[in-house]
There are 2 protein chains.
Amino acid sequence: MIAVDKPPTIADVARLAGVHKATASRALNPRTSDQVNAATARRVVSAAKRLRYQPNTLARSLSTRRSATIGVLIPDLTNPLFPLVVRGIEDALSEQGYTALLANTDNDPEREQTQFEALLSRKVDGFILATARRDHPLLRQAHQQGTAVVLLNRSTDEPLFPVVAGDDAAGVHAAVDHLVALGHRRIAHLSGPTAMSTGFTRGRAFRSAVAAHSLAPAETPVVECGSYTEDSGAAATRRLLAEHPEITAIFAGNDMIALGALQELREHRLDCPGDVSLVGFNDMRFVDKLVPPLTTVHVPHHQLGAEAAQLLLDQLDSPDRPAKTVSLPLDLVIRQSTAPPRS
Amino acid sequence: MIAVDKPPTIADVARLAGVHKATASRALNPRTSDQVNAATARRVVSAAKRLRYQPNTLARSLSTRRSATIGVLIPDLTNPLFPLVVRGIEDALSEQGYTALLANTDNDPEREQTQFEALLSRKVDGFILATARRDHPLLRQAHQQGTAVVLLNRSTDEPLFPVVAGDDAAGVHAAVDHLVALGHRRIAHLSGPTAMSTGFTRGRAFRSAVAAHSLAPAETPVVECGSYTEDSGAAATRRLLAEHPEITAIFAGNDMIALGALQELREHRLDCPGDVSLVGFNDMRFVDKLVPPLTTVHVPHHQLGAEAAQLLLDQLDSPDRPAKTVSLPLDLVIRQSTAPPRS
DNA sequence: TTGTATGCGTTATCAA
DNA sequence: TTGATAACGCATACAA
C-alpha cells in the first residue's frame with residue numbers, strides 16, 4: 001500500500017501562495033476573483049495548479065447551500081427511452097455546471113418516495129420527475145415545501161408544476177389521420193395503462209381522433225394493456241383479435257406494445273401490413289430495423305430532457321416566474337408497417 | 001410563493017428531545033445508538049419523526065470523510081449495453097447503502113479526465129471504470145493516489161486494478177467453433193477498434209480460435225472497424241466483400257457491427273444465413289427481433305455491473321486484499337443468422 | 001485589496 | 001450515559 005496523502009485543501013493553497021484562506025478562495029472563484037489583486041490572484045492560481053488543488057464540492061455545497069445538482073427520477077434506465085432523455089438532461093445541465101443525480105423507481109410509488117427523500121437529503125437543488133404515474137402524494141408534498149420540480153412526459157390532474165412533454169394528442173391524431181388516409185376504418189387502439197399519464201392522454205386522444213373522422217366506437221375498439229411491455233401488448237392483441245377479428249389497423253400505445261402486437265399477428269398468420277397495419281409510439285431505437293420497419297410517432301427524447309433541464313434551471317434562477325409549460329411537436333415516421341387495407 | 005422553512009437539522013431534533021446534538025446524533029445512528037439510554041433514544045427518534053428530520057448527507061460526508069458514493073465512468077449511456085450494466089451496479093450498490101454517480105465520457109480521453117476529477121471533487125469513495133480505451137494516464141495516476149478502482153469490461157496492459165469482464169476469449173472460441181461445426185472454413189472477423197480493450201482481446205482470440213481449427217490466415221481475414229457502430233460495420237463489410245468475396249461467414253466484433261454487416265449484405269443481395277452466416281457479440285436488446293434473429297455471444301451485463309460493484313465494495317472494506325479479478329462465462333446464443341454454408 | 005471570524009450540519013474526541 | 005468542543009473544507013459578512 002502506497003502512502004496516500006490527503007488531497008490538498010484551500011488552506012494548503014493559501015499557505016503556499018502566502019495569503020489567507022479567504023483570499024485564496026476569492027482568487028479561485030471566478031465570480032469573486034476580481035476582488036483580488038491580479039498579481040496575488042496569479043500566485044494563488046499557480047499554487048493551486050502546483051498542488052493539483054480540486055475544491056471539495058461537498059464542503060462548498062454545505063457552505064453555499066447550493067449543490068449544483070439535480071435529482072432525476074425515472075422509472076427504469078433499461079427502458080430504451082430513458083437513456084436518451086437522461087443524456088438530454090445531462091447535456092443541458094452540464095453546460096451550466098450542474099450535474100444529474102439519477103434514481104430508478106421501477107414504477108413503485110414507495111420506491112419513488114424513498115428515492116425522492118434520498119435525493120433531498122443529498123441537497124439537490126431541484127428535481128426532474130420523469131416517472132409515469134398520473135398522481136403521487138409526493139407531488140403535493142414537494143409543492144408545499146416549495147421544492148423546484150419539473151415534470152417530464154407526465155402531467156398531473158392539477159397543474160402544480162411546469163411540464164415538458166411531447167404533444168401526444170397531435171401525435172395520436174397524426175397516426176390516426178395516416179391510417180384513415182390509407183383507407184382504414186376499423187382501427188383498434190392498444191392503450192397503455194390509464195393509471196399512467198401517457199396511457200391516459202393517448203387513449204383520450206385516440207377517442208377524439210377517430211370521432212373527428214366519424215368512426216363509430218364499435219369500429220374503433222380500445223384494449224388497455226396492463227403495462228408498457230411486449231408481453232402485455234401480445235396479450236392485448238390476442239384479446240383484440242378474438243373480439244374484433246375485423247379490424248384492419250392497430251395503433252399501439254407505444255413501441256413495446258407494438259412489438260408484442262407484431263409478434264402476436266405473426267402467431268395468427270396475419271401479415272403486417274398486408275392484413276393489419278400497425279403504428280407505434282416513441283420511435284424507440286431499432287424499431288426501424290424490424291421487419292417490417294415500424295411506422296411510429298417520433299418523440300424527440302433527447303430534446304425533451306434538455307428542455308426539462310433548461311426549464312428547471314430557469315426556475316432556479318428566478319423562482320417567481322410563472323410555471324411555463326413546454327409542449328414539443330411530434331411527427332409521424334412512416335415506414336413499412338402501414339399500408340392500405342385489403343379491399 | 002409559499003414561505004418555505006428550511007428543513008430541520010439535528011439541532012432542532014435535539015432541542016425538541018431535550019438533549020444535546022451529540023446525543024441526538026448518536027441515537028439516530030444505528031451504529032452508535034447502543035451508546036445511549038434506551039428511553040432517551042426513543043425520545044430522540046420520535047422527535048426526529050415528528051420533525052420529519054432527514055440527515056444532511058453532505059454534512060455527514062464532510063465530517064466522516066466517506067460519501068457512500070461511487071463514481072461510474074461509462075462511454076455513453078445511450079449505448080444499449082450500458083443501461084444494463086449501470087442497473088447492475090446500482091442494484092448492488094444500493095443494497096449496501098451506496099449510490100452511483102454517473103458520468104459519460106463519449107470515448108474522449110480528455111472528457112474522461114475531466115469527469116474523473118469532477119467525481120473526485122465530489123469525494124466519491126471509489127470508481128468503476130467501464131470506459132473502453134486500453135490505456136489512459138488516468139489509470140496510473142489513480143493507482144498512485146491509492147484511489148479504489150475496479151475496471152469493467154476493460155483490461156489494461158499491466159494489471160493495476162481488479163477487473164470484472166466477460167470471458168471474451170471463450171466467447172469468441174464458442175462462436176468460431178459453432179461456425180466451423182456448421183462447416184464454414186472461410187470465416188471473416190470484423191474487429192472492433194484495436195485501441196479498445198474489447199476490440200483487441202476479441203481480435204486476438206479470433207486469431208487463436210481459427211488457428212486451433214487449422215484455418216489459414218488467408219481464409220480468415222480480419223477487417224478492423226473504426227468504431228463500434230453500424231456505419232463502421234457496414235463500411236468494413238463493404239471492404240471485406242470487395243477483397244474476400246469467397247467468405248461464407250462473418251464474426252462481428254459486436255452486435256452494432258453485425259447490424260451494419262447485415263445491412264450491407266442486404267445491399268449486396270446476399271442472403272443471411274443462406275449466403276453468409278453472421279455472428280454478433282453482446283446479445284444486446286432487440287437483436288432477437290431482427291430478421292433473421294441474430295446468433296450472438298450473450299454477455300450478462302447486469303451481472304457484470306453487480307460483480308464490479310461488489311468487488312469495489314469489498315475493496316473499500318479491506319483495502320489490502322489482493323486484487324481479485326472476475327471473469328464471467330459467456331455463452332453463445334444460437335438463433336437464425338447462422339446456417340451451414342452452401343456447398 | 002486583504003484578513004478575521006463565523007457558519008453550513010454532522011460526527012468524533014475528550015471530559016464529566 | 002451525556003455534554004462540551006473541535007473538526008471536516010469552504011464561503012462570506014464584516015472589519016481593517
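**Chains A and B around DNA strand D**

The surface near DNA strand D is made of ten nonpolar, 13 polar and four charged residues. Near means a C-beta atom, placed from the backbone, within 6 Å of the strand. Ala, Val, Leu, Ile, Met, Phe, Trp, Tyr, Cys and Pro count as nonpolar, Asp, Glu, Lys and Arg as charged, and the others, Gly among them, as polar.

This is a predicted model: local features need pLDDT of at least 70, side-chain atom pairs count only at pLDDT 80 or more, and totals for chains, interfaces and linings use all residues. Residues are numbered from 1 along each chain as its sequence is written, while chains are lettered from A and ligands numbered from 1 in the order in which they are written.

Visitor: Which element gives the most to the surface near DNA strand D?

Guide: 27 residues surround DNA strand D, with A:Thr9 and B:His20 among the closest. Helices (H or I, at least four residues) and strands (E, at least two) are DSSP runs, numbered from the N terminus. With five residues, the top contributor is H4(A).

Visitor: How many residues of chain B are in contact with chain A?

Guide: Contact means C-beta atoms, placed from the backbone, within 7 Å. On the chain A side, 37 residues take part. The number for chain B is 37.

Visitor: Is helix H11 of chain A mostly covered or uncovered?

Guide: Buried means 20 or more other C-beta atoms within 10 Å, exposed 12 or fewer, and partly exposed in between, with C-beta atoms placed from the backbone. The buried residues of H11(A) include A:Met256 and A:Leu265. They pack against elements including helix H10 (230-243) of chain A. Ten of the 13 residues are buried, so H11(A) is mostly covered.

Visitor: Which peptide bond of chain A is cis?

Guide: Most peptide bonds are trans. Here omega is about 0°. The bond joins A:Val291 and A:Pro292.

Visitor: Is A:Asp106 buried or exposed?

Guide: A:Asp106 lies in the loop between strand S2 (99-104) and helix H6 (109-121) of chain A. Its phi is positive, about 55°. With 12 other C-beta atoms within 10 Å, A:Asp106 is exposed.

Technical notes: Two residues are in contact if their C-beta atoms, placed from the backbone, lie within 7 Å.
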